[in-house]
Amino acid sequence: MSPLVRKTWRDDRRAIIGWAAGIAAFTTVYTSFYASFQGAAQLKDDALPEGMKNFLSIQDMTSGTGYLQATVYGLVGPLLVVMAAIILTVRTIPRPEEDGGIELLMVNPLSRRAFATQRLTATFITVTALAAIPGVLVLAIAPGVGIDVPAANIISASAGLVALACCFLGIAFGVGAATGRRGIALGVTGALAVGTYILRGVSGIVDGGAWLRWLSPFHYFIGTDPLHTGWHPAHLLALAAAGAVGAAVGIVMFDRRDVGV
Amino acid sequence: MLWHMTDDIAVRAEDLTKFYGTRRGIEGLDLEVRAGEVMGFLGPNCAGKTTTIRLLLDFLRPTCGHATVLGMDPRRDKATLHRHIGYLPGELAFPGRERAADLLRFFADSRSGVAWQTVTGLAERLELDLSRPIHTLSKGNKQKVGLVQAFMHSPALLILDEPTSGLDPLMQQEFLALVREARAAGQTVFMSSHVLAEVQQTADRVAIVRDGRLAAVERVESLGRRAVRTVEIHFDGPVEVAEFAALPGVTDVTVSGPVLRCTVDGRLDPLIKAAARHEVVDLLSTEPDLEETFLSFYYHSEGAGDVPAGT
């Protein structure tokens with residue numbers, strides 16, 4: 001790994017450790033309490049109106065699959081990994097550019113594009129690893145607590161989580177590298193994440209709005225119900241492609257503009 | 001040779017211009033820095049010094065005009081070029097919160113082929129403690145980290161933006177020694193400053209910018225002769241204004257009792273000879289101030305009505 005990639009990881013290490021701990025704790029707590037929450041889950045299941053359950057992609061809280069869907073893969077899990085992806089990505093270019101540190105990073109004998117690519121690579125690897133944590137932990141914990149979901153389905157849903165994170169990573173990188181503004185990158189990508197999450201929920205409850213879900217990255221991640229149906233490579237590729245386009249735009253735009261004005 | 005230069009020019013700017021929207025950074029800069037020389041780049045704050053430097057490093061892209069650095073194009077050849085450039089930013093901000101040693105190791109690794117002894121040697125000369133985390137260092141010590149980073153790979157061209165800011169006088173001398181050694185080793189130094197004195201000690205030539213335009217390029221000696229000093233002489237008794245007002249180069253003469261104040265442009269000799277006719281108790285001569293040098297220079301070149309505005 002190049003000195004710049006290693007430097008990026010070193011500068012991000014506190015944030016990386018924090019997010020890893022948070023994501024791991026969340027996944028472990030939710031997954032391992034499946035058994036003891038059964039009663040409560042039944043209550044929740046009865047209490048939540050059908051529309052709300054559709055909105056939150058909850059089918060039935062009582063089965064292992066439904067429980068995982070409602071907890072780790074439904075709302076908080078994707079929220080956590082997408083937040084981690086956006087916040088870490090904003091540290092690649094906009095943050096050092098705003099605090100001035102980017103000048104001493106850019107004295108590296110690298111072309112602009114190589115510089116941007118290496119910053120992106122470092123954070124891509126970090127985010128991929130963070131987004132893979134829930135999958136690894138669910139795989140390890142699920143059999144012991146009576147969640148009987150096939151490992152292949154857990155892996156495919158978890159791969160979707162990674163692809164989702166990378167999609168927003170690419171978009172955040174594109175906006176951040178093109179503008180050099182932390183606020184813009186956080187605002188635009190954050191709003192996009194929240195907006196498309198809501199859009200997917202709305203598309204399920206509004207008559208004639210079903211097509212809207214195709215505009216939401218969250219649909220490509222969970223709309224295919226991977227915990228029941230397994231792999232949907234085309235959907236995952238679509239997420240990866242969206243991220244790749246964002247990243248490529250960012251690299252090209254970064255190569256063309258003034259830095260640190 | 002490290003680079004493919006067609007002549008002995010290390011930096012060449014041709015009509016180099018940068019506007020930030022409508023705000024002028026630098027306009028129509030034509031400048032040549034010869035290989036192996038130390039060139040001071042002088043001007044008041046916001047005159048366009050940092051803009052020029054950042055154009056040479058490809059952090060900024062010119063609105064029009066062109067710069068050639070070590071015979072290469074700053075944008076197209078950035079990767080190669082930055083191997084041979086040592087850069088000290090004017091506003092130092094360090095990425096990360098690691099120890100000084102770890103940060104410098106990153107610079108050494110990314111440039112490859114930097115002996116760690118060179119780094120520790122520089123740190124010792126500048127009395128810099130490498131084991132401290134960067135963010136706990138004082139401004140002066142941060143400046144030293146920046147200097148070590150710029151000098152560590154013995155680059156062909158050193159581009160230093162306000163290099164002595166934050167350094168105490170002793171360290172300023174050590175820094176000037178580093179610059180002299182760099183020149184002796186054939187390296188080119190392009191350093192900006194708003195203090196004439198620090199540039200005067202080492203530079204061969206100075207380029208003066210003002211309001212985004214190049215005002216002059218001069219050999220340091222000729223700039224010294226132009227220098228304006230403020231002189232204050234205390235006599236043991238009252239003196240007459242008329243006795244001094246007509247002396248060549250002497251202006252703004254005021255006398256209050258035994259104290260004479262005046263501004264001297266150029267040689268001090270006539271004033272000293274005139275003062276020697278009286279009993280002199282004390283004599284104060286203020287270092288030629290760059291602002292005043294500028295003022296006198298601009299008055300000469302553009303007329304008395306044109307007072308430089310600090311934009």
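A polar contact is a pair of N or O atoms within 3.5 Å. This model is predicted. In it, the side chain of H153(B) reaches the backbone oxygen of I85(B) at 2.9 Å.

Where is H153(B) found? H153(B) sits in the loop of chain B between α5 (139–151) and β6 (157–161). H153(B) counts as buried, because its relative accessibility is 14% and the cut-off for buried is under 20%. Beyond its neighbours within four places in sequence, H153(B) contacts H82(B), R83(B), I85(B), G86(B), R111(B) and V114(B).

## Aromatic pairs

How many aromatic pairs does the structure hold over all chains? There are ten. Take F26(A) and Y30(A): their ring centres are 5.0 Å apart and their planes meet at 50°, so the pair is tilted. Both residues belong to helix α1 (residues 3–32) of chain A. They are four residues apart there, so about one helical turn separates them.

F26(A) is buried, at 10% relative accessibility. Y30(A) is partly exposed, with a relative accessible area of 31%.

Chain A also has an aromatic cluster, formed by F168(A), Y197(A) and F218(A).

## Charges over rings

Which ring lies under the charged end of K7(A)? That ring belongs to F106(B), and the charged end sits 5.6 Å from its centre. This places a chain A lysine over a chain B phenylalanine.

Within chain B, R105(B) lies over the face of W116(B). The distance to the ring centre is 4.0 Å.

Note on methods
Residues are numbered from 1 along each chain as its sequence is written. Chains are lettered from A and ligands numbered from 1 in the order in which they are written. This is a predicted model: local features need pLDDT of at least 70, side-chain atom pairs count only at pLDDT 80 or more; totals for chains, interfaces and linings use all residues. Side-chain values use heavy atoms; hydrogens and water are left out. Helices (H or I, at least four residues) and strands (E, at least two) are DSSP runs, numbered from the N terminus. Buried means under 20% relative accessible area, exposed over 50%, partly exposed in between (1.4 Å probe, protein chains only). A polar contact is a pair of N or O atoms within 3.5 Å; within protein, one must be able to donate a hydrogen and the other to accept it, and residues adjacent in sequence count only if both atoms are side-chain atoms. Contact means heavy atoms within 4.5 Å. Rings of Phe, Tyr and Trp (its six-membered ring) pair if their centres lie within 6.5 Å; planes under 30 degrees apart count as stacked, over 60 as edge-to-face and the rest as tilted. A charge sits over a ring if NZ of Lys or CZ of Arg is within 6 Å of the ring centre and within 35 degrees of the ring normal.
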